[in-house]
Structures are given as C-alpha cells and as structure tokens.
Amino acid sequence: MAEPRPGSPEAALHPPADAELPLPANAGLHYPLGAALPAPGRTLEVAPGVRWLRMGLPFALNHINLWLLRDRIDGREGWTVVDCGIDNTTTRANWEIVFAEELQGLPVLRVIVTHMHPDHIGLAHWLCERWSGEAARLGAQECRLWISATDWNAARVASSSTTGFGGEEAARFFALHGLLDAASLAGVRARAGYYASLVPQVPRRYRRLMDGQVLHIGGQPWHCIAGYGHAPEHIALHAPGLGEHGVLISGDMVLPRISTNVSVIDLEPEANPLPLFLRSVAAMRALPAQTLVLPSHGQPFTGLHTRITQLLQHHEDRLAELLQACAEAPLSAAELLPVLFRRTLDLHQTTFAMGEAIAHLHLLAEEGRLRPVRGADGVRRWRSVPDGAATSA
Ligand SMILES: [Zn+2]
C-alpha cells in the first residue's frame with residue numbers, strides 16, 4: 001500500500017500530501033474541523049482567540065501549522081505568533097498576506113517558538129525585527145522571541161556551525177553506524193550548511209520559557225510544558241480554560257498521523273533520547289482526554305489519550321522488531337533500516353531514519369538488552385542479549 005501505517009516511522013518520513021487525501025482512518029481520533037484547511041496566507045479560527053495558519057515546507061513533510069493568539073501586552077492590542085515557518089521567499093510572502101488580511105489591523109506583539117527546528121524558528125528573526133521596528137516607532141515594547149534557553153542556545157550554535165545536520169563529523173558518525181555507501185556519505189558531507197540555509201539568523205535576545213511557567217495571553221493562562229527527546233527542550237502550551245475542554249498547542253511532541261522524529265545526532269553521539277520522549281509524551285496523559293490538540297503537522301484533533309497510547313505502542317513494536325532482528329546476527333543501524341522503514345529513502349529521509357534507528361538501539365543497550373560489537377570493518381553492530389543475561393549487563 002502507498003499509505004504507510006499511521007504513526008509508523010515511514011509515515012513520519014513520507015507523510016502523504018494531506019491536502020488531497022481523506023483524513024486517516026484512526027478510530028480513536030476526532031477532527032472537529034473535518035478536512036478544512038486554511039489557504040496559504042489565510043487563517044481559520046480553531047478556538048476563541050486562536051487562529052490556525054499553514055506554511056509550506058520543501059520536504060516530504062510538506063507543511064507546518066502555526067498559530068495566532070489574540071493578545072494584549074501593556075494595554076496594546078495585538079497578536080502572539082506561535083512558530084514561524086522556514087526562511088524563504090514564499091513563507092515571507094504568505095506572512096505578508098497574513099499581516100494585511102488576518103490581523104484586523106493589529107500588530108504582532110511577541111513570537112513564541114516551541115523548539116529550535118528550522119520549520120519552527122526559521123523566520124523568528126524576521127518577524128521579531130519587523131514588528132519591533134513598528135513598536136519602536138510607538139515607543140512600545142519590542143516584539144520578543146520567547147523560547148526555552150536550551151533551544152535558543154542550540155539554534156544560535158546550529159545557525160553558525162556545520163555539525164548536527166551535515167558535514168564531516170556527521171558523515172563519520174553515520175559511517176560508524178554502518179552507512180558506508182559513498183554517495184550518501186558525500187551527500188551528508190555536502191550538507192554542512194544545511195541548518196543555516198533554513199535558519200540564517202536567530203534573534204540575539206529572547207525571553208526564557210520553562211516548564212510550569214504560566215503565560216497570560218489575551219487574559220487566558222497558558223501553561224508551559226517542557227518535553228524532551230525530539231528537540232533539546234521543547235515547550236508545548238496548554239490553556240486549560242479555553243474552549244470546552246482546554247487547548248493544547250502540542251508542537252511536534254504529539255502528532256495525529258505521523259510519529260515524532262526521535263534521533264541521535266553526531267553532536268551528542270551517546271545520547272539516549274527515546275526514554276525522554278516516551279516519558280514526556282506519557283506525562284501528557286495528565287491533561288483532560290477531551291483536550292483540543294493543535295499539532296504542528298496534520299489537523300487539530302481530540303483523542304489525546306488514545307494518541308498517546310498509540311505512540312507508546314508504536315515504539316514498543318519497533319523496539320521488539322529490532323531485538324528480534326539482532327537475535328539472529330549482529331546488525332548496524334544502517335543494516336536495520338529495512339526492518340524499521342519498508343520503503344526507499346532519499347538522503348534527507350535516510351539521515352532522519354539513521355538517527356531514529358540509533359535512538360531505538362541506544363534505549364535497548366541502556367536496558368542491557370543489546371550489546372555493541374565492533375566489527376573488523378570499524379562498524380558498530382548490535383547483538384541481542386539472551387533473556388536472563390540482561391540483568392548482569
Ligand atoms: Zn521538530
């Protein structure tokens with residue numbers, strides 16, 4: 001079938017162009033807006049004072065959802081923007097339409113960014129600069145970027161360095177994990193400036209967001225919920241009093257039809273992000289089951305608890321498949337890609353898939369269920385530890 005299993009890693013890497021497809025058959029989720037999508041540069045109201053807009057992305061994952069929250073700061077009426085889109089001419093042009101048509105003549109007062117990935121933070125510098133200029137003319141507060149300190153620093157480093165998303169170090173890291181094909185490695189080396197090409201600048205000043213902090217946006221309390229494993233310190237926003245059962249801007253932590261990418265990258269080669277992600281997602285069960293979830297990709301939905309159960313199960317299944325495969329012979333992350341991803345991957349997808357495979361392997365190794373084996377070829381492979389032997393690992 002062309003359509004990957006909902007929630008599968010291949011779905012994460014190959015989401016269909018959802019503008020043309022019916023909503024996924026996922027019995028546990030409900031989409032209150034049906035198949036409605038905001039047109040480019042336009043918005044749809046999804047809750048009182050909360051508007052949804054979409055920007056295109058030049059990847060298999062072809063769009064990102066952004067949010068406008070009606071706000072007031074120091075008596076000045078306007079909007080808070082949540083997430084920005086990548087920096088290219090199309091996204092800027094669509095923002096211009098939003099400014100002209102969708103803000104009711106009011107300014108953008110601040111920019112909240114859930115995490116440092118390019119589709120979320122790319123245009124933060126442009127939005128902040130533009131609307132700070134407007135504020136300065138009126139003697140009002142600057143339009144500030146609000147983000148976790150960890151992600152602000154990570155974004156600043158990534159936009160002025162070459163590692164993490166490509167370059168020599170990344171190529172060496174992937175080769176250690178068995179990606180030996182010369183064309184792929186050349187491609188990774190060539191992507192040294194990849195992050196900076198999508199995020200040429202990051203605002204030099206910011207306001208720090210932390211777990212448990214409460215923001216008052218348009219008189220409505222929004223609670224910051226830190227999440228780990230996908231980005232250094234992702235911040236989701238929960239407004240318990242908004243709408244019928246509260247609203248959650250989930251960012252990339254809970255998505256309705258694809259699973260969130262959880263990767264080990266060369267900057268932190270021994271990282272074990274998957275347990276962090278699973279714990280962060282499981283903790284969102286504390287929110288009401290009927291919460292309206294506004295995800296960064298896909299459609300607004302209800303069925304949060306069901307989705308959390310599906311995501312946890314999805315990773316349990318992938319872990320079991322890897323253990324099974326490594327019981328027969330030691331295998332590298334690259335050799336395990338066909339086990340996790342049953343389709344052809346392009347370079348961009350291969351690097352995500354490698355990171356994701358290594359994340360699953362590291363969880364199993366940390367639990368003593370896999371052991372690394374260094375082959376004569378210098379590649380790290382993994383062997384299952386038989387039941388009973390794991391405790392002594
Ligand atoms: Zn992300």
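Glycine 56 is in contact with Asn62, His63 and Thr91, leaving aside its neighbours within four places in sequence. Contact here means heavy atoms within 4.5 Å. The structure is a predicted model, in which local features need pLDDT of at least 70, side-chain atom pairs count only at pLDDT 80 or more, and totals for chains, interfaces and linings use all residues. Residues are numbered from 1 along each chain as its sequence is written, and side-chain values use heavy atoms, with hydrogens and water left out.

- Glycine 56 belongs to strand 2, which covers residues 50-56.
- Strands (E, at least two residues) and helices (H or I, at least four) are DSSP runs, numbered from the N terminus.
- Glycine 56 counts as partly exposed, because its relative accessibility is 44%.
- The scale is simple: buried means under 20% relative accessible area, exposed means over 50%, and partly exposed lies in between (1.4 Å probe, protein chains only).
- Threonine 91 sits 35 residues from glycine 56 along the chain, yet their C-alpha atoms are separated by 7.2 Å.

**The whole chain**

- The chain has twelve helices and 14 strands.
- Its radius of gyration is 21 Å, close to the 21 Å that the globule rule gives for 393 residues, so the chain is as compact as a globular protein of that length.
- That radius is taken over C-alpha atoms, and the globule rule is 2.2 Å times the number of residues to the power 0.38.
- Along its principal axes, the C-alpha trace spans about 70 × 45 × 40 Å.
- Of the 393 residues, 55% count as buried.
- Take the contacts with a separation of 6 or more: residues 24 or more positions apart account for 67% of them.

**Surface and charge**

- The chain exposes about 16,000 Å², and carbon and sulfur atoms supply 54% of that area.
- Accessible areas come from the Shrake-Rupley method with a 1.4 Å probe; for residues, only the protein chains shown count as cover.
- There are 33 positive and 39 negative side chains.
- Lys and Arg count as positive and Asp and Glu as negative, while His and the chain ends are not counted.
- The centres of the two sets lie 3 Å apart.
- Each charge is placed at NZ of Lys, CZ of Arg, CG of Asp or CD of Glu.

**Helix 10**

- Helix 10 covers residues 304-328, which makes 25 residues.
- From its first C-alpha to its last, helix 10 reaches 37 Å, close to the 36 Å expected at 1.5 Å a residue.
- The expected span is 1.5 Å times one less than the number of residues.
- Buried residues of helix 10 include Leu304, Ile308, Leu311, His314 and Cys326.
- Arginine 318 is also found in helix 10, and it counts as buried because its relative accessibility is 4%.
- Arginine 189 is 129 residues from arginine 318 along the chain, and their C-alpha atoms are separated by 29 Å.

- In helix 5 (residues 149-159), the buried residues are Ala149, Asp151, Trp152, Ala155, Ala158 and Ser159.
- These buried residues pack against helix 3 (118-121), strand 6 (144-148), helix 8 (194-198), strand 7 (206-209) and strand 10.
- In helix 9 (residues 273-283), buried residues include Pro273, Leu274, Phe277 and Val281.
- Their cover includes strand 9 (220-227), helix 10 and helix 12 (347-366).

- Most residues other than glycine have a negative phi.
- Aspartate 74 has a positive phi of about 50° although it is not a glycine.
- Aspartate 74 lies in the loop between strand 3 (63-73) and strand 4 (76-82), and it is exposed, with a relative accessible area of 67%.
- Aspartate 83 has a positive phi of about 70°.
- Aspartate 83 lies in the loop between strand 4 and helix 2 (89-101), and it counts as buried at 1% relative accessibility.

- Histidine 245 lies in the loop between strand 10 (234-239) and strand 11 (247-251).
- Histidine 245 counts as partly exposed at 38% relative accessibility.
- Not counting residues up to four places away in sequence, histidine 245 touches Pro240, Pro288, Gln290 and Thr291.
- Glycine 298 lies in the loop between strand 12 (292-295) and helix 10, and it is buried, with a relative accessible area of 2%.
- Leucine 61 is 237 residues from glycine 298 along the chain, with their C-alpha atoms separated by 9.8 Å.
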